[in-house]
Amino acid sequence: MKFRVALLLVAAAGAVAVRAQQLVTFDRILHADREPQNWLTYSGGLFSNRYSPLTQITPANARNLELQWVFQTRGPAEPVEKSEATPLVVDGVMYTVMSPNHVVALDAATGRMFWMYSPRLSPLARVCCGRVNRGLAILGDTLFMGTIDGHLIAIDAKTGRAAWDVAVSKPELGYSLTVAPIIVKDKVIIGPAGGEYGIRGFIAAFDAKTGKEAWRFNTVPGPDEKGHDSWPAGTDAWEHGGGSIWVTGSYDPDLNLLYFGTGNPGPDWNADPRPGSNLYTDSVVALNPDTGELKWHYQFTPHDEFDYDSTQVPVLTDIEWKGRQRKVMLWANRNGFWYVLDRATGEFLRGQPFVRVNWAEGIDVQGVPKRVLNATPEGTLVYPNNQGATNWYSPSYSPRAGLFYIPSWMDTYSTYTKGPAEYKAGNQYVGRFPTMTVPALRTAPGNVNTRTPQEGWGAIQAFDARTGELKWQFKMADVTDSGVLSTASDVVFAGGREGYFFALNGRTGELLWKGNVGGQVSAGPMSYAVNGRQYVAINAGSALFVYALRQ
Amino acid sequence: MTRAIALLALALAAAPQEHSYTQADIENGARLYQGSCAGCHGPNGDMVPGIELLRGQFRRATTDVDIIKIVQSGIPGTTMPPTSFTETQAGSIVAYLRSRAPAAPPAPFGRGGPLTIARGDAARGKSLYETKGQCATCHRVDGRGPRTAPDLTEIGTIRPAAELHDKLVDPNTNIRQGNRYVEAVTKRGDKIAGRLLNQDTFTVQLLDANERLVSLSRNDLKDFTYLKNSPMPSYRDTLTPGELDDVVAYLVSLKGLRP
């Protein structure tokens, strides 16, 4: 006790400004825009705009950005895996995850570590596309993380000790948790990746205090559930039907609806075992977050054969639509189209291509793609490629500019050849791997790009959400797995595989500044402030880089 | 541990395909294979076209060392990623693959199968390469020859025989991503041509005609072109069919510094 008093006195005497650290109530999360210095959820707010109200960094001064600190957990014994997480920042403390599941609490101004938590992971964990994690959720003073071996763990934000640890799904069957959980009220909500292993996807809610499962929504409906007739009768295709969850959803408190995008049907590239539209794969589902009940769904790619997961972040905003304000959802999909949906009803309002697309000739008024290509035994050349026009990395919406910023893979293509697919527990259940000119997930060490533009390139594209008009394109010689951040001072941040992190003028796309991070950016940028100074953070390679204006 | 690695490496170097693996190696490799490789290659190793890993049919590798190298480093420009496997781990994957291969000698090459090479004579091919074919005027093998054309030191592990044959007849076919030639014109009017080594949104790296490593800023360029055609002549009419087979046989024999 005396010791504590003494410490406080020292703090006061040395004029060290110890920030108050209040509990992160759900009310704070709902109103995250009222505390722009913090970043309380994966996407910065439950509307998932990945938009920061901070304005210190502007188009006029962005050229003065400089590196403040770097954090990397890697010891020589640890395999290097790309870091896909978006950090959280709460009152001067940053919480993030380094691959696969090392949780750290850092001083957000200096990068110095308070604690680290590394759960023991099952060797049975199997992941298609990297031993990665996309981030944490926080409620009260507890952090929540899904692990690659299918556990959901609650962690004390002050000490880094696990408070509870529940097994959500079986790693030996290919279920893994890579998504940042989302908090709605008193529940932690998460779902499994594993669409390449013949899993049956679900979204599940857990009591934040105890870890007790509250409800579960099956993304592939069983025999007693609505939508089951979109799977072949009399077969077990639905039991391995996919519909994985690996990107965080969004929440609208007025409608009390939780939105999640779902992954590809299984097997990915041979649809013969699953005639039908295969609900609710490649869809957005709107659920009651208290019960898990389905309110509506919209399927972007019925009966998918091209691995066009709809695991993108649902971007929520209210815009003027044909003369009246509407609650909409913006969605740039892996299948090459970007959509405007009514988020109260799921009504399709618009869908237009944002890259070269040849598998469908547009989308009809009902919202059904006018499909013209299928996988064949001889091989079918399809634009966009298997990794899609965009993917899990977040787009951004600036309500101020009315612009929707999409990280885009331009002019990419794959040849899909139908091959055998047989389900064997724990093995991949996919069909034949399609060809690609661009590396699918990650670049090799020392990767070089000697491709011609005809073999694919990358862009950040800005579309007017209301009119659908393309406002600008920032072109890159390589594709990008970077999310986009926009700010209230019209600065847009993004990166790419080439190892640059850069700032663009959000109105024009003009390059304002770039920093060399020396490795692939496969994460979304976020912004926060400590003691009045604005920072921007980005994971690249397997390290975290933090920038601010030169002082 | 170190000793084990050294021993394994020695065993692999000395007797690359004699299946001298322990059951533990094979079981360990099976586990690693199913966990990390089966994702793309399939549980039976046959999901990537042209490759049958469990039948000893590889596209770019013949020896165990080749396979270990590919397992560890991946293949740039393809979907085959690098891994963090140690040499021991990669070696156990090879042990597993070899243990599953049929007893008959594996087909030496991928899609093309044992085409062409049986017909050619590598020693005659080497001589043709140096004389009548004038290949050494542009290509480099084992540190000899110019660097502007692709280095052929390990071409036998990169391209199958049938593909090499096609390339000799029609050099513009199947140009690999690493063998692209570009021409840049600076704003001052200087022309710089060479082999494209790397590029990004802001810069270009190349090996120019004088074998200089050149890095250019795109801002300084007036024009930048990818050359469509290979500078190599076709040997369709210059070499007889028999001579073509000989050159292919020689090229196939080029397995690099660690064959």
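Trainee: Which helices do the buried residues of α8(B) pack against?

Mentor: In this predicted model, the buried residues of α8(B) pack against α5 (122-130), α6 (155-158) and α7 (161-169) of chain B. Among these buried residues are Leu244(B), Val248(B) and Tyr250(B).

Trainee: Why is α8(B) called largely enclosed by the rest of the structure?

Mentor: A residue is buried if 20 or more other C-beta atoms lie within 10 Å of its own. Nine of the 12 residues of α8(B) are buried, so this helix is largely enclosed.

Trainee: What span does helix α8 of chain B reach, and what is expected?

Mentor: Helix α8, residues 241-252, reaches 16 Å from its first C-alpha to its last, close to the 16 Å expected at 1.5 Å a residue.

Trainee: Why does Gly56(B) count as partly exposed?

Mentor: The label partly exposed covers counts between the exposed limit of 12 or fewer and the buried limit of 20 or more. Gly56(B) has 19 C-beta neighbours inside 10 Å, and therefore counts as partly exposed. Gly56(B) lies in the loop between α2 (23-41) and α3 (64-73) of chain B.

Trainee: What can be said of the make-up of chain A, and why is chain A called as compact as a globular protein of its length?

Mentor: Chain A has two helices and 37 strands. Its radius of gyration is 22 Å, close to the 24 Å that the globule rule gives for 551 residues, so chain A is as compact as a globular protein of that length. Buried residues make up 56% of the 551 residues in chain A.

Terms used: Residues numbered from 1 in each chain as written. Chains lettered and ligands numbered in written order. Predicted model: local features only at pLDDT ≥ 70, side-chain atom pairs only at ≥ 80, totals over all residues. Helix = DSSP H or I, 4+ residues; strand = E, 2+ residues; numbered from the N terminus. Rg over C-alpha atoms; globule rule 2.2 N^0.38 Å. Expected span 1.5 Å × (residues − 1). Contact = placed C-beta atoms within 7 Å.
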